[in-house]
Amino acid sequence: MDLELRHLRCLVAIVDEGTFTDAAIALGVSQAAVSRTLAALEGALGVRLLRRTSRAVTPTAAGQRVVAHARRLLAEVEDLVRDAGSDGGELRIGYAWAALGRHTLPFQRRWGAAHPETALHLVRVNSPTAGLLEGMCDLAVVRRPLDERRFDSAIAGLERRLCALAADDPLARRRSVRLADLGDRVLLVDRRTGTATPDLWPPDVRPATEESHDIDDWLTVIATGRCIGVTAESTAHQYRRPGVVYRPVRDAEPVAVRLAWWRDDLHPAGRAVLELMSELYRTRRTR
């Protein structure tokens, strides 16, 4: 027999009400139904859960453990139902390294002013889907294409690519750099979520690479001068670090900033989010 929520509700009701009769009243069923449901649960688990005397019903040691689990499961189900029926009352937007860069704070403030009924939460998840696959967010800001069989996305704007260098690097004295200036360096990359790969360079001048898996580690290594990084412009605005400077890479393709969601499951606020993101990036381009 598969366990059902009614079995757990029955057990908790018996413990809370103290008798089978009172549990039946609380659940709106007959006392016989309560007895059958408890017997089915005990049979499925292969353990006795309650002791019955003429005066009281008390959990066994195993029953106490099962009741504790049952309470947690029932509470989580209530949360699930409440969240599913909240009609967009909360909005979680995931991102891997940087949210919207210079646009992050304006986005938060304008969203709060225009949509006070929908609480906005930005969630940093360093995974390829920025938390979508893990169920940690409703929408995600990503800077590389996702699996089109699972996810839909739309481009909200473009960002320049910047080179991150140690502050005492000779190239740091320049206002901008070219890809050719970086071909003999060691490029620090995050293969899961990063936007830079050796494919940005022609095959015969591609830099060597080392791997990093976190923005703090990435910045710490670059500050030593051992490696350089190439990243989207948003990183420079969200992560300023002593000892690290950012310079535009003027001949590199820009990075597309996408809003992504599960295919056929767009959050009710998704279109409004995309419109606001696009407006912010469009305003930046026209200045």
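Predicted model: local features only at pLDDT ≥ 70, side-chain atom pairs only at ≥ 80, totals over all residues.
View 1. Residues are numbered from 1 along each chain as its sequence is written, and side-chain values use heavy atoms, without hydrogens and water. E7 and E10 (residues 229-232) run antiparallel and are joined by four bridges. Strands (E, at least two residues) and helices (H or I, at least four) are DSSP runs numbered from the N terminus; two strands pair if DSSP finds at least two bridges between them.

**View 2. Strand E7 also pairs with strand E11 (residues 244-248), in the antiparallel sense.** Five bridges link E7 and E11. Leu165 has Val245 of E11 as its bridge partner. Strand E7 (residues 161-166) is largely enclosed by the rest of the structure, because six of its six residues are buried. Buried means under 20% relative accessible area, exposed over 50%, and partly exposed in between (1.4 Å probe, Shrake-Rupley method, protein chains only).

**View 3. Leu3, Leu45 and Val47 make a nonpolar surface patch of about 220 Å².** Patch residues have over 30% relative accessible area and no salt bridge; nonpolar side chains (Val, Leu, Ile, Met, Phe, Trp, Tyr) are joined within 5 Å, like charges within 9 Å. A salt bridge is a side-chain nitrogen of Lys or Arg within 4 Å of a carboxyl oxygen of Asp or Glu. Val47 lies in the loop between helix H3 (31-45) and strand E1 (50-52). Val47 counts as partly exposed because its relative accessibility is 31%.
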